Structures are given as C-alpha cells and as structure tokens.
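Work through each task yourself before you read its solution.

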Amino acid sequence: MQSQKPNQSQPKKLLTRRSFFKTAGMAGAAFAGGLTAKHALAGKILESQILEKQCAFTELPNEFIYLNSGTEGSMPDCVLSDLQNNLLKWAGNPTYSYELDPELGKRQELNRAKVAKFLGVRLNNICLTDNTTMGLSMTLMGLNFGPNDKVVTTNHEHPALISPLQIWQARQGLQIKIQSFPPTEKLSQMNATELLDTLFPNTPALRGAKALCVSHVYPTTGVRLPLQALRKKAEELNIPYLIVDGAQALGMIDLTSPEDNLENCDFYAGPGHKWLNGPPSTGVLYIRNAEIRPPEFYPTISQRMVRYTDCMEGDPACFPMAKALQVRGCSNAPGFAAMVRAIEFVEDKGGTAQIEKYILNLSREVKKFILSRAPHCIISPHSDTALLSGLTAFFPFKWDKPQTPLTDKKTAVWVVDELLKKNIQIRPIGIPNANASEQSSEKPYALRISTGYFNTAAEVETFKNALQEVLERIS
Ligand SMILES: Cc1ncc(COP(=O)(O)O)c(C=O)c1O
C-alpha cells in the first residue's frame with residue numbers, strides 16, 4: 001500500500017495554492033467592489049474541491065511522525081474539505097440544513113444508511129453519535145437493569161464504559177463483576193482461547209449475568225477480543241447482552257469478517273474520530289435488535305420517548321430505536337456527513353479488510369523490534385493473530401539492560417517527551433494492576449504505539465532508531 005503522505009515538496013505547493021485562492025479572492029473583491037457572501041462561498045468551495053481530489057493526509061507535516069491514532073486520528077483532505085463545505089452550506093441556509101437537508105438534516109437517514117452499508121448491517125441498526133462515550137451511555141443507561149442484575153466486565157475498561165455501570169450500581173445496586181486480565185508477562189504469550197477462558201471462566205459467579213461489557217480492542221494492552229468468540233462465551237455463560245466498546249477498533253478492524261462480525265454484538269459503540277480518521281465529535285452506535293423498545297430499552301439522550309408512550313406495539317408510529325436516538329436537538333450533522341466521506345475514503349483504498357492488513361503489518365514491525373531486543377518488556381500479545389491490533393504496548397527499558405522492564409510513570413512520560421522532541425508522537429499508558437483500584441497511583445506505566453493508516457514502513461524505521469537512541473540515554 002502506498003504512503004498516504006505527500007512528498008517533501010507538497011506542503012509548500014499546497015500553501016502556495018491556498019495563498020493563491022486567498023489572494024485571488026481578495027483581488028476579486030477589490031475589483032468587484034466587494035464580494036457577495038455567495039461568491040465568497042463559491043471560492044471556498046472551489047478551493048476545497050481541489051483539495052478533495054488529492055485526498056491525502058497533507059495536514060500532518062511530513063517531518064512529524066504521528067503514532068497516536070488510539071487517542072485521535074487525523075483527517076485526509078477530502079474529509080476536511082467535505083466538513084468545510086458542510087459547514088458553509090449550513091451557515092448559508094441554517095433552517096433548511098437542520099430541518100430538511102438530506103445530508104445535514106436532523107434525521108440523518110442518508111448518512112445512517114451509508115454507515116450501515118459500510119458495516120454490512122441495516123439502517124435501523126445504526127445511530128450516529130458524538131463519540132464512543134455517548135453510544136455507551138445511550139446503551140447502558142437505556143437498558144433496564146434491576147437490583148438483582150449483575151454484569152461482567154474487566155479491569156481494563158475505559159471510564160466511558162465503567163461510569164454508566166457505576167451509576168446503576170449506586171442507584172439500583174447493580175452488581176459489577178470485574179474480571180482481571182492476566183499479568184502482562186503471561187498475557188503477551190497467550191492465544192485467544194486461553195485468554196477468554198481465563199477472563200470469563202464458566203463459574204456460577206458469572207453465569208446468568210445480564211450483560212458482558214468489554215472492549216473490542218484494549219487501549220491499555222492492544223489486545224483484541226474476537227467478537228465471534230466473545231459471543232460464544234456469552235452464550236456459554238447464558239449472558240443475553242454482549243455490549244462492546246469499539247473505540248479502538250472502528251476503522252482499524254474489519255467488522256464484516258466472520259471472526260469480528262459486528263452482528264455478534266447486541267450493542268457496539270465506536271468513534272469516527274480515531275482510526276477512521278473522521279472529524280472530532282463523530283461516532284456510531286450499532287443496535288442489533290432494531291425493534292427493541294421500552295421497557296427493555298429506553299431512548300435516553302433523545303427527544304422521542306413520546307413515540308413509545310403513544311403507540312401500540314407493531315404500530316408504524318412506534319419508531320425504531322436507532323431512529324429515536326438520532327433526533328436529539330441539534331447534532332454534529334456536518335461532522336456525520338464528513339465521517340461518511342472518511343468511510344468512502346476507506347472504501348476507495350480497498351475497504352477495511354485491506355486497511356486492517358496494512359495497520360497490522362506496521363504494528364507487527366513494532367512488536368518484532370521490541371521482541372528482538374526486550375522480550376520481557378512487551379505487553380501486547382504477538383503470537384495469535386486473532387488477538388492482534390494496531391496498538392503495541394511495552395514497558396521502557398535501558399537499551400543495555402533489556403531484561404528489566406521500567407514500569408514507573410516518570411520514565412514512560414520522559415521517553416514520550418524525548419520522542420516528541422524528535423517530532424515523534426506516541427503516548428504513555430497506565431496498565432491496571434490485577435485487583436487494584438482504578439485510581440491507584442501505583443499502577444505501572446507503559447509506552448503505546450498506534451500504527452495508523454497514514455503511517456509508513458519508513459516512519460516505523462525512523463521511530464525504531466529514535467527509540468533506541470532515547471532508551472540508550474536512560475540513566
Ligand atoms: C476503549 C475506549 N473507550 C472509550 C474511549 C472514549 O472515546 P470517545 O472519545 O470516542 O468517547 C476511548 C478513548 O480513548 C477508549 O480508548
């Protein structure tokens with residue numbers, strides 16, 4: 001796969017081209033004695049149409065190696081220009097945009113349908129959200145947990161998943177069974193079956209829980225839990241709902257493959273703004289049962305409860321849940337339409353299966369490098385491809401003492417800062433201890449590398465050399 005980055009000379013040219021439009025616009029204004037808003041708009045749209053054609057990640061400077069898609073992705077030009085055009089369109093005709101425009105209107109049928117097609121599901125399985133947090137909150141606060149219910153989750157979940165569960169715990173006494181991941185030395189060598197059996201053993205404590213709440217890819221360790229195997233686990237444990245945090249998977253993992261098919265989940269929430277390289281404040285919530293309705297599930301963060309109180313079951317006046325969740329005041333519709341442009345970009349590049357392959361190949365290079373020097377320091381699993389992702393986590397180490405992982409936060413932060421001085425962005429990440437409270441300041445810290453679609457093999461090489469140089473300087 002070709003690098004998505006332009007060659008060295010392109011940003012300059014781009015700058016010149018942009019300056020040209022700016023200057024041309026100003027000269028035109030002077031000549032015409034002042035442009036009307038519509039003419040100015042046409043100029044901006046023309047500029048963005050030209051940018052759209054090239055659709056590379058030109059806003060990421062060439063000399064900046066950005067290895068942190070796990071925190072935020074970037075946006076290719078076509079997404080940026082689409083977003084800009086959408087905003088201009090909105091500003092030019094706000095009421096029509098909000099009420100009726102097929103792309104920007106509050107109902108979002110068109111964009112939902114496109115996202116559904118991309119994910120191999122149906123329109124009424126999809127609601128567009130602001131982010132993963134919102135999708136998880138809609139899901140977990142929408143479900144009707146009772147005081148005798150329990151849910152099963154792990155000690156590596158993001159607060160976006162844990163917080164709504166804690167609200168249920170505080171209000172209704174929901175029991176939260178937190179299963180601990182194995183220690184990092186063990187984890188890195190495991191295969192998917194061993195890991196799932198260790199995490200979710202068939203015991204009375206877990207059997208019959210109402211929901212299994214997990215991440216598809218863990219932001220801490222980069223572990224991917226394959227969705228098909230998770231569904232089998234849920235069935236084995238007689239757990240009806242599989243609820244998945246897809247923050248680190250949407251745009252990285254092919255959600256139409258048999259092993260990781262979205263339809264294995266009852267609810268799946270993910271972002272548009274990380275691996276998919278869509279705009280900030282965009283996300284997707286998948287709801288398997290399009291017919292779900294109160295009292296099984298309430299439409300929270302929605303204006304449409306009335307559609308369930310005023311209608312009989314089977315009545316067309318009863319909204320599908322995803323449709324009810326979509327209308328919630330004024331949303332980021334310009335962003336949703338631009339997220340769909342990011343999806344089209346993925347499709348133009350051969351689809352998510354191709355993108356997943358590319359991302360995993362880059363991540364394998366990082367893993368191999370750490371394994372070859374410091375096998376005791378790697379955290380991410382590396383032998384079973386089913387557990388692989390584009391995230392690689394490892395503890396820092398002194399280059400001449402690779403057998404000793406350095407697990408303190410200060411060292412991890414120092415390495416990240418030193419790499420940033422070399423224009424390489426990675427991030428430090430806390431690894432929860434088994435049985436320790438989430439807030440524990442004692443938890444070990446690692447380094448996390450995200451190899452995104454816009455990264456190249458050459459960038460990974462530069463990163464490896466820079467990392468060695470920094471690790472050699474640890475005193
Ligand atoms: C596993 C996980 N869940 C949720 C989130 C929150 O994502 P968002 O900003 O899309 O709400 C993150 C962010 O890093 C994450 O890693």
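**Exercise 1. Find the order of the strands in the seven-stranded open sheet, and say which strands lie at its edges.**

Step 1. Walk across the sheet: the order is S2-S8-S7-S6-S5-S3-S4, and the pairing is mixed. Strands here are DSSP runs of E with at least two residues, helices are runs of H or I with at least four, and both are numbered from the N terminus. Two strands pair if DSSP finds at least two bridges between them.

Step 2. From one strand to the next, the twist averages 15°. Such angles run from 0 to 180 degrees between N-to-C directions, with axes as lines fitted to C-alpha atoms, for helices over the stretch in contact (heavy atoms within 4.5 Å).

Before going on, note that this is a predicted model, in which local features need pLDDT of at least 70 and side-chain atom pairs count only at pLDDT 80 or more, while totals for chains, interfaces and linings use all residues. Residues are numbered from 1 along each chain as its sequence is written, and side-chain values use heavy atoms, leaving out hydrogens and water.

**Exercise 2. Describe how S2 pairs with S8, and find helices that lie across this sheet.**

Step 1. S2 and S8 (residues 283-287) run antiparallel and are joined by four bridges. Ile126 has Tyr286 of S8 opposite.

Step 2. Across S2 and S8 lies helix H5 (residues 109-119), at about 115° to S2. In the loop between helix H4 (94-99) and H5 you will find Gln108, which has a positive phi of about 60° although it is not a glycine.

Step 3. Helix H10 (residues 227-236) lies across S5 (211-215), S6 (241-245) and S7 (267-271), and runs at about 145° to S6.

Step 4. Follow the chain into the loop between S8 and helix H11 (306-309), where Pro295 is found. The peptide bond from Pro294 to Pro295 is cis, with omega near 5°.

**Exercise 3. Work out the layout of the three-stranded sheet.**

Step 1. The order is S9-S12-S11, in an open sheet with antiparallel pairing. S9 (391-394) and S11 (427-430) are the edge strands.

Step 2. Ignoring direction, neighbouring strands here are turned by 35° against each other on average.

Step 3. Four bridges pair S11 with S12 (residues 445-450), and Arg427 has Arg448 of S12 as its bridge partner.

Step 4. Helix H14 (residues 352-373) lies across S9 and S12, at about 15° to S9.

**Exercise 4. Which residues come nearest to the ligand?**

Step 1. There are 13 residues around the ligand (a heavy atom within 4 Å). Thr132, Thr133, Asp245, His273 and Lys274 come nearest.

Step 2. Check the distances to ligand oxygen atoms: a polar side-chain atom of Thr132 lies 2.8 Å from one, and a side-chain N or O atom of Thr133 lies 2.5 Å from one. For a polar side-chain atom of His273, the distance to a ligand oxygen is 2.8 Å.

Step 3. Of the 400 Å² of accessible area (Shrake-Rupley method, 1.4 Å probe) that the ligand has on its own, the protein covers 88%.

**Exercise 5. Where is the pLDDT below 50?**

Step 1. The pLDDT is below 50 over residues 1-40. Where pLDDT is low, the predicted coordinates should not be read in detail.

Methods
pLDDT is the predictor's confidence in each residue, from 0 to 100. A polar contact is a pair of N or O atoms within 3.5 Å; within protein, one must be able to donate a hydrogen and the other to accept it, and residues adjacent in sequence count only if both atoms are side-chain atoms.
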